[in-house]
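I opened my notebook to keep track of what I look up, one topic at a time. Come along and check each entry against the picture.

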Amino acid sequence: IIAWDVRDKGDLDYRNGLIRQDIALRWLADTVVMLRQIDTQHPVTVGWWQDSEISAPLVDFVSFQFYGDYTDLQQNIANLNANTNRPILLISTGYSTFTVSEINQRNFLYQTFEETQNNNLMGWMVNYAFDYPRTVTCTPPNCPSIGDELNQFGLWNTGYFPKLAV
């Protein structure tokens with residue numbers, strides 16, 4: 001274990017109206033306290049989608065996810081730096097070769113890596129290593145499913161051959 005990521009995209013729960021923000025934050029605080037009682041050896045973070053800075057008082061480092069345009073990444077990092085006093089990790093990034101070419105996937109990832117380095121972030125993590133075969137992400141009886149953006153975020157294709165980003 002490197003660190004505990006308490007809740008993936010938990011901010012979407014209240015952004016999508018599934019629960020009130022105060023209830024989501026109370027659950028988050030209670031869960032972090034419980035986790036710290038169980039494990040005092042590993043740091044804690046929350047990989048939220050857009051409101052990562054709101055988790056700063058509760059975590060050891062702020063983590064965020066990013067899948068968009070390079071200029072938006074610069075703004076996201078600037079906002080996090082301005083609104084937190086914790087180290088920052090890009091916990092998840094990637095670009096699907098369903099919607100962009102392998103060359104663009106590589107270029108977008110390299111721009112993202114440069115931006116994290118230029119801003120002295122803790123680092124970055126890529127989501128996903130491998131493309132998903134269409135038979136894995138389909139719902140019977142429609143198998144294999146039609147191609148989907150989610151299936152092709154990997155750095156290696158379904159035949160285990162590396163894409164240009166590698």
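**Entry 1: a salt bridge across the chain**

I began with arginine 36 and aspartate 60, which form a salt bridge with their closest N and O atoms 3.1 Å apart. A salt bridge here is a side-chain nitrogen of Lys or Arg within 4 Å of a carboxyl oxygen of Asp or Glu. The pair links distant parts of the chain, 24 residues apart: arginine 36 sits in helix H2, and aspartate 60 in the loop between strand S3 (47–48) and strand S4 (62–66). Helices (H or I, at least four residues) and strands (E, at least two) are DSSP runs, numbered from the N terminus.

I noted where all this comes from: residues are numbered from 1 along each chain as its sequence is written, and side-chain values use heavy atoms, with hydrogens and water left out. This is a predicted model, in which local features need pLDDT of at least 70 and side-chain atom pairs count only at pLDDT 80 or more, while totals for chains, interfaces and linings use all residues.

Are the two partners buried, partly exposed or exposed? Buried means under 20% relative accessible area, exposed over 50%, and partly exposed in between (1.4 Å probe, protein chains only). Arginine 36 counts as partly exposed because its relative accessibility is 30%. Aspartate 60 is partly exposed too, at 32%.

**Entry 2: other salt bridges**

How many salt bridges does a search of the whole structure find? It finds six.

Arginine 26 has 48% relative accessibility, so I wrote it down as partly exposed. Aspartate 22 has 38%, so it counts as partly exposed as well. I also found that Arg20, Asp22 and Arg26 are linked in a network of salt bridges.

Next I looked up lysine 163, which forms a salt bridge with aspartate 131, the closest N and O atoms being 2.8 Å apart. Both residues are in the segment after S6, yet they are 32 residues apart and link distant parts of the chain. Lysine 163 and aspartate 131 are both buried.

**Entry 3: aspartate 13**

I found aspartate 13 in helix H1 (residues 11–15). What does aspartate 13 touch, not counting residues up to four places away in sequence? The answer is Arg7, Leu18 and Ile19, where contact means heavy atoms within 4.5 Å.

With arginine 7, the side chain of aspartate 13 makes a polar contact of 2.7 Å. A polar contact is a pair of N or O atoms within 3.5 Å; within protein, one must be able to donate a hydrogen and the other to accept it, and residues adjacent in sequence count only if both atoms are side-chain atoms.

**Entry 4: helix H4**

I checked the length of H4 (residues 102–118) against what its 17 residues should give. At 1.5 Å a residue the helix should span 24 Å, and its end C-alpha atoms are 24 Å apart, so the two agree. The expected span is 1.5 Å times one less than the number of residues.

The buried residues of H4 are Gln105, Leu109, Thr112, Phe113, Glu115 and Thr116. They lie on the same side of H4 because they cover an arc of only 160 degrees around the axis; the arc is that of the directions from the helix axis to the C-beta atoms. Exposed Gln117 and Asn118 are on the face turned away from the buried side. The cover over the buried residues includes helix H3 (70–83), strand S5 (88–93) and strand S6 (123–126).

**Entry 5: the sheet**

I traced an open sheet of four strands in the order S3-S4-S5-S6, with parallel pairing. S3 and S6 are the edge strands, each pairing on one side only. Two strands pair if DSSP finds at least two bridges between them.

S3 and S4 share two bridges, S4 and S5 five, and S5 and S6 three. Tryptophan 48 has phenylalanine 64 in S4 as its bridge partner, and leucine 90 stands opposite tryptophan 124 in S6.
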